[in-house]
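Please look over the sequence and the model before reading on. The report below goes from the whole chain to single side chains.

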Amino acid sequence: MSEDLPPSEAGAEEARDEVRASDADAWATAAAEDLAAEKARRRTEYGPPPGSAAEELRKLVDTVADKLSGLQSPLLGQVAGPAAQQVVKQVVQQARAAVEPVIERNPDVFDHLAAAGNELLAAYRSAVQAQEQRWTSRDRELRDLKNDHGDGGDDSGPGERIDLD
């Protein structure tokens with residue numbers, strides 16, 4: 001029976017399939033363009049996104065090394081100054097030589113450490129906020145208790161004032 005079908009219907013099916021495929025491609029293309037435009041807008045507004053933790057550590061080491069290399073030591077005087085600078089440069093080079101291979105071999109480790117640090121910070125904040133709430137609620141309870149007893153302004157504590165006359 002398939003031989004009895006007119007060829008025009010088969011051509012129409014193929015045309016519909018092409019339209020569907022081009023619609024899907026158009027949607028994917030439009031979504032990619034929108035995403036690229038949003039990334040560009042954020043880059044101009046907020047600057048470049050931060051790199052991985054390994055890249056940030058590398059930047060930190062470079063910045064600290066530059067600051068230490070340019071540091072002038074007024075305490076050592078004119079004679080010991082150049083020798084001290086040479087020692088600082090040597091220490092900075094040794095630190096770079098020690099840190100760089102570790103960063104190269106284990107870049108994901110630094111991302112995990114950064115994530116763990118963020119989790120620890122969130123836990124610390126939670127604990128501090130809970131403790132602060134307990135402290136402030138205790139102070140509020142003491143003030144309410146003092147006001148309920150009609151204290152005459154005596155700030156000695158939550159107890160009642162007793163007249164001995």
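## Overall surface and fold

The model is predicted.

The protein chain has 4 helices and 0 strands. Its pattern along the sequence is α-α-α-α. Of the 165 residues, 5% are buried. Among contacts with a separation of 6 or more, 55% join residues 24 or more positions apart.

Helix H2 covers residues 53–69. H2 has 17 residues and spans 24 Å from first to last C-alpha, close to the 24 Å expected at 1.5 Å a residue.

Which residues of H2 are buried? They are Ala53, Ala54 and Ala65. These residues cover an arc of only 110° around the axis, so they sit on the same side of H2. Asp66 and Lys67 are exposed on the other side of H2.

## A nonpolar patch

Leu60, Val64, Leu68 and Val88 make a nonpolar surface patch of about 290 Å². Helix H2 gives the most to this patch, with 3 residues. Val88 comes from helix H3, residues 77–105. Val88 counts as partly exposed because its relative accessibility is 30%.

## Salt bridges

How many salt bridges does the count come to? The count is 8. Asp66 and Arg96 meet through their side chains at 3.8 Å, N to O. Asp66 lies in helix H2 and Arg96 in helix H3, so this pair ties together parts that are 30 residues apart in sequence. Asp66 is exposed, with a relative accessible area of 52%. Arg96 is partly exposed at 32% relative accessibility. Elsewhere, salt bridges that share partners join Glu38, Arg41, Arg42 and Glu45 into one network.

Why can residues three or four places apart point the same way? An α-helix has 3.6 residues a turn, so such residues do. Arg41 and Glu38 are 3 residues apart in helix H1 (residues 7–46), so about one helical turn separates them. Glu38 and Arg42 are 4 residues apart in H1, again about one helical turn. Glu38 is partly exposed, with a relative accessible area of 29%. Arg41 is partly exposed at 38% relative accessibility, and Arg42 is partly exposed at 46%.

Notes: Residues are numbered from 1 along each chain as its sequence is written. This is a predicted model: local features need pLDDT of at least 70, side-chain atom pairs count only at pLDDT 80 or more; totals for chains, interfaces and linings use all residues. Side-chain values use heavy atoms; hydrogens and water are left out. Patches are made of residues with over 30% relative accessible area and no salt bridge: like charges are joined within 9 Å, nonpolar side chains (Val, Leu, Ile, Met, Phe, Trp, Tyr) within 5 Å. Accessible areas come from the Shrake-Rupley method with a 1.4 Å probe; for residues, only the protein chains shown count as cover. A salt bridge is a side-chain nitrogen of Lys or Arg within 4 Å of a carboxyl oxygen of Asp or Glu. Helices (H or I, at least four residues) and strands (E, at least two) are DSSP runs, numbered from the N terminus. Buried means under 20% relative accessible area, exposed over 50%, partly exposed in between (1.4 Å probe, protein chains only). Contact means heavy atoms within 4.5 Å. The expected span of a helix is 1.5 Å times one less than its number of residues. The arc is that of the directions from the helix axis to the C-beta atoms.
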